[in-house]
Amino acid sequence: MKHINALNTERNNCCGCSACQQICPHNCILMKADEEGFLYPEVNEERCVDCGLCSSVCSWIGQDKDEIRNSLPEVYATKHKDNEVRHKSTSGGLFTAFASYVIKEGGRVYGASFQSVTQKVGHIGVSNIDELTSIRGSKYVQSNQGNVFREILNHLNNGILVLYTGTPCQCEGLRHFLRKNYENLFIIDILCHSVPSPRVFYDLLQSAGSKFDGISFRNKDRGWRNSYMFRLFKNGQVLINETYLTMFFKGLINRPSCYRCKFTKIKRSGDLTIGDYWNINSVHPEFEDSLGVSCLLVNTEKGKRLFDKVRSSLDCLKTELAPALQTCMIRNVTEPKIRKKFWADYTKYGFSYCEVKYGKMTRWEKFRDGTLAPFARKIGIAGLLRKMR
């Protein structure tokens, strides 16, 4: 058999990008959720003709498209000059600058959006400035790609400018799906620390009542550095949940492949990489801002061209690579020893039981992550601490 068959192999080897499903000329691959809610390809053996296309575009099996990238990126700390944009953004408003430019040029922008009808998160394309709100801001749940790669290919072949943003594995999946470089395509990957379970996310919403109008995972009312807050919106009311992000930060509800991610590195999947510049106060304290500072990695010449187009709307400060480094550029997230126990409990008792049992930080966990971990990183024994986890 030449086809992809992730359901009969290790789950660690599939990131769920859906490139295999979308490339199949006979539509004989479906992305189906497993017991944890993560999507994996399932092949209809009766319709499959063993063409091998699905395996050929698998970013996990194949080689990365390294030939398009510079050896090391140029690094910038950036802030959007419009304070309102930054207040509504996850960090410094950098995505809005890029997306606005592409839309003004008649292009289409793709990103993760919360769908109020399905109560799930999926990638969509927008071509209107007013629609940017739905794909702006971090979504801490794995996004369903649907048929977005096919849509993008159609737009590119019609000469339409396209901007795609997603996790590194999603961006790499798109590159492998397209199988060639398009000058009218810009790809931006985010600094991703792993993706949480869509099942847990959906079950949380269901347990909280009827359908919600919107969600938000970051809020800057307490400042950018204290912005993590999962809020649910319904009829003008706001519900705050404190357990979902805790389970995510503990590593309990993350996709299995994230613990062995092959895209955790400095050489990135996108033409540009964006995220938070958490260390800016240590190296350039004058650039610190309560509304957020974005980290920008310029990885390709094409990415540099796009950056040059929007620089006038940004405050920019070029920096060395070292202070911009985050753990997701150096090593994978650690798989906790109690993860199997968590999912055994989840399967047996459900979300409400597990959010009570696992959704709060113990005193030891608070000390380990808030005090011990920073000290261990400072003196160089962080590896030992990870083993203790």
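**Sheet.** I began with the strands (DSSP E runs of at least two residues, numbered from the N terminus, as are helices, which are H or I runs of at least four) and found that 8 of them form an open sheet of mixed pairing, in the order β5-β4-β6-β7-β11-β12-β3-β13. I noted β5 and β13 (314-319) as the edge strands, each pairing on one side only, where pairing requires at least two DSSP bridges between two strands. Between β6 and β7, which run parallel, I found 5 bridges, and in β7 the bridge partner of V162 is L185.

**Basis.** I am working from a predicted model, in which local features need pLDDT of at least 70 and side-chain atom pairs count only at pLDDT 80 or more, while totals for chains, interfaces and linings use all residues. Residues are numbered from 1 along each chain as its sequence is written, and side-chain values use heavy atoms, with hydrogens and water left out.

**Helix α6.** I looked up burial (under 20% relative accessible area, 1.4 Å probe, protein chains only) and found 11 of the 11 residues of α6 (168-178) buried, so this helix is largely enclosed by the rest of the structure. Its buried residues pack against α1 (19-23), β5 (120-126), α5 (148-157), β6 (162-166) and β7 (185-190), with contact meaning heavy atoms within 4.5 Å. After α6 comes R179, with a positive phi near 65°.

**Cysteines.** I found 0 disulfides, taking a disulfide as a pair of cysteine sulfur atoms within 2.5 Å. For C15, the closest cysteine sulfur is that of C169 at 4.1 Å, too far for a bond, and C15 is buried at 5% relative accessible area. For C328, the closest is that of C192 at 7.1 Å, again too far for a bond, and C328 is likewise buried, at 5%.

How values were computed. Buried means under 20% relative accessible area, exposed over 50%, partly exposed in between (1.4 Å probe, protein chains only).
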